[in-house]
Amino acid sequence: IKRVFVENPQKLSLNEFYLLAQAYEPGSDELNSVVETAVKMYPDDEVANLNAAISEMQRGDFEQAKRHLDKAGHSAEAIYARGIYAALLNQYEEALLLLRQAEILDIDEAAFAISQIEKLI
């Protein structure tokens with residue numbers, strides 16, 4: 001898969017992109033490259049857009065993150081990511097609303113994020 005990614009990434013399925021992504025450390029340049037390429041190859045896929053948004057938020061590229069979050073669907077993970085995005089932009093009320101929704105949808109990390117935001121406001 002790594003060889004095909006370098007030579008002909010358009011030949012990879014989404015599943016192959018996800019398998020390749022698992023081979024890299026979170027936040028690594030290699031992982032970011034895989035995530036960015038996956039969303040270019042599959043621009044309408046919600047999970048590819050969510051992964052791209054998360055990668056972009058980690059790098060501080062909030063404009064691109066917003067673009068991808070808008071196409072990330074309505075899964076619990078997407079709602080959580082939108083909550084984190086809002087928090088990173090200091091939009092705490094919106095962040096709390098989204099993170100509480102994510103918490104109801106069983107995203108365990110949401111409770112910690114909520115507590116951190118509540119400390120700030």
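Q: What should I know before starting?
A: Residues are numbered from 1 along each chain as its sequence is written, and side-chain values use heavy atoms, with hydrogens and water left out. Because the model is predicted, local features need pLDDT of at least 70 and side-chain atom pairs count only at pLDDT 80 or more, while totals for chains, interfaces and linings use all residues.

Q: Which residues of helix 5 are buried?
A: Buried means under 20% relative accessible area, exposed over 50% and partly exposed in between (1.4 Å probe, protein chains only). Helices are DSSP runs (H or I, at least four residues), numbered from the N terminus. In helix 5, residues 62-69, the buried ones are A65, H68 and L69. Seen down the helix axis, they fall within an arc of 100 degrees, so they line one face of helix 5; the arc is that of the directions from the helix axis to the C-beta atoms.

Q: What covers those buried residues of helix 5?
A: Contact means heavy atoms within 4.5 Å. The cover includes helix 3 (29-41), helix 4 (46-59) and helix 6 (76-88).

Q: Is N49 buried or exposed?
A: N49, in helix 4, counts as buried at 1% relative accessibility. Leaving aside neighbours within four places in sequence, its contacts include H68, K71 and A72. N49 and A72 are 23 residues apart in sequence, yet 5.1 Å apart in space, C-alpha to C-alpha.

Q: Where does N90 lie?
A: N90 sits in the loop between helix 6 and helix 7 (92-104). Its phi is near 60 degrees, a positive value in a residue other than glycine, and N90 counts as exposed at 52% relative accessibility.

Terms used: Helices (H or I, at least four residues) and strands (E, at least two) are DSSP runs, numbered from the N terminus.
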